[in-house]
Structure formats: C-alpha cells, structure tokens
Amino acid sequence: MNSLSIKVQIGLAGALFVVVSVLFSLAYMVEANRLEANFNEYKSNTLASLEVTLTQPVFNYDFEQIDAVLSVMLASEKIYEITIKDHRGKMLGDSKQSTPVDPKAVTSDKLLFTTNDKPTGELTVSFSSAPITDALNQLKLSYFFQALVILLLSQLFIFIILKRLVITPLVHVSAVME
C-alpha cells in the first residue's frame, strides 16, 4: 500500500511540476516582454527629452548647462554613458556611471543637433539593460522558490490526504477481511 501511495505522490508531483513550470514560464515571458517594452519606451522618451533640453546649450556652448543635464540624466541606472560633441567633434560634455557594466548590456544611440539644417552637435547615449537583467534574475529566483514551496506543500497535503482517505481505510478493510 505504501508503494501505491508513493506512486500516486510521484505522479501528482510530476503533474503539478509541469503545471507550475508552464505557468511560471508564461509569467516570466510576459514580464520580460513588459520590461523590454518599458525599456524601449524609456530610451525613446529620454532621447526626445535630451534633444529638446540640449539643443540650445549645444548651439551656445553652454558647458555649465550641459554638465547639469548630464549629471541629472546619470541618476538613472538605465543610462550608462552620455557624450556630447560639437559639429567639429570637440567634446562638450561626457559623463559615465562609476560602476562597470557588461558590454553586452550596453546599447548606444546617436542624436544629431541641427540649427537651420546645419549640424551643431552630436549626442551619444549608451543605455544599460543591466537593471532589467537584474530584475529578471530576481524574478527567476522568486519563481523558483515559489515553485519549490508549492511543490513541498502539495506533497505534504497529498501525503496527508492519501494517508487519511486511502491508506487508513484500506488497512482497516484488509484487517477486517483477514
């Protein structure tokens, strides 16, 4: 009778593992897509904001204003580095995060400043997807522990239910039949 109980427990645990794996995998993929969409939206909004904010300071060589904007933008973990050059390639401003990031997690976008259809400068923004990767790793770990708790608790409940509803009555029936 114990072998029947063990087989039922293994079968139910396997089925529950498959269900939990599918559900958590789908939830992970949905969250990964949401984070990626938010990151892409953040990049486009940041570039648009920087274009509006820095067009005049680049044209006027306002180093103080450029440095102020760069320092504020680096408050976000999603921006790794910002470089601004004038139309001749002279550096107007440069700021970078102090903590290094995996080069695979960095993507760069360029923005050209023009006034009256003449180039006045160039902005290069390097965005870091490291915060998104960290969030997804945290999510994976969280899902793993949740699945482990679900499986352990379900095994406990399956054992109790089998013991009370199947094993104990079968032991009484077999004892009466002998």
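Let's start with strands β1 and β2, residues 91-96 for the latter: they run antiparallel and are joined by five bridges. Strands here are DSSP runs of E with at least two residues, helices are H or I runs of at least four, and both are numbered from the N terminus. Two strands count as paired if DSSP finds at least two bridges between them. Keep in mind that this is a predicted model, where local features need pLDDT of at least 70, side-chain atom pairs count only at pLDDT 80 or more, and totals for chains, interfaces and linings use all residues. Residues are numbered from 1 along each chain as its sequence is written, and side-chain values use heavy atoms, with hydrogens and water left out.

Within that pairing, Glu81 sits opposite Lys96 of β2. The hairpin of β1 and β2 has four residues between its strands, and Gly89 there takes a positive phi near 95°.

Now, what does β1 pair with besides β2? It pairs with β4, antiparallel, over seven bridges. Ile79 faces Phe127 in β4, and Ile84 has Leu123 as its bridge partner in that strand.

Put together, the four strands make an open antiparallel sheet in the order β2-β1-β4-β3. Because β2 and β3 (106-115) are at the edges with a single partner strand each, one side of each has no neighbour in the sheet. The twist from one strand to the next averages 10°; for angles, axes are lines fitted to C-alpha atoms, for helices over the stretch in contact, and values run from 0 to 180 degrees between N-to-C directions.

Helix α2, residues 63-73, lies across β1 and β2, at about 20° to β2. As for β1 (residues 79-86), six of its eight residues are buried. Buried means under 20% relative accessible area, exposed over 50%, and partly exposed in between, with a 1.4 Å probe and protein chains only.

Is Ser126 buried or exposed? Its relative accessibility is 8%, so Ser126 counts as buried. Its side chain makes a 2.9 Å polar contact with that of Ser108. A polar contact is a pair of N or O atoms within 3.5 Å; within protein, one must be able to donate a hydrogen and the other to accept it, and residues adjacent in sequence count only if both atoms are side-chain atoms. Setting aside neighbours within four places in sequence, Ser126 has contacts (heavy atoms within 4.5 Å) that include Ile79, Tyr80 and Val106.
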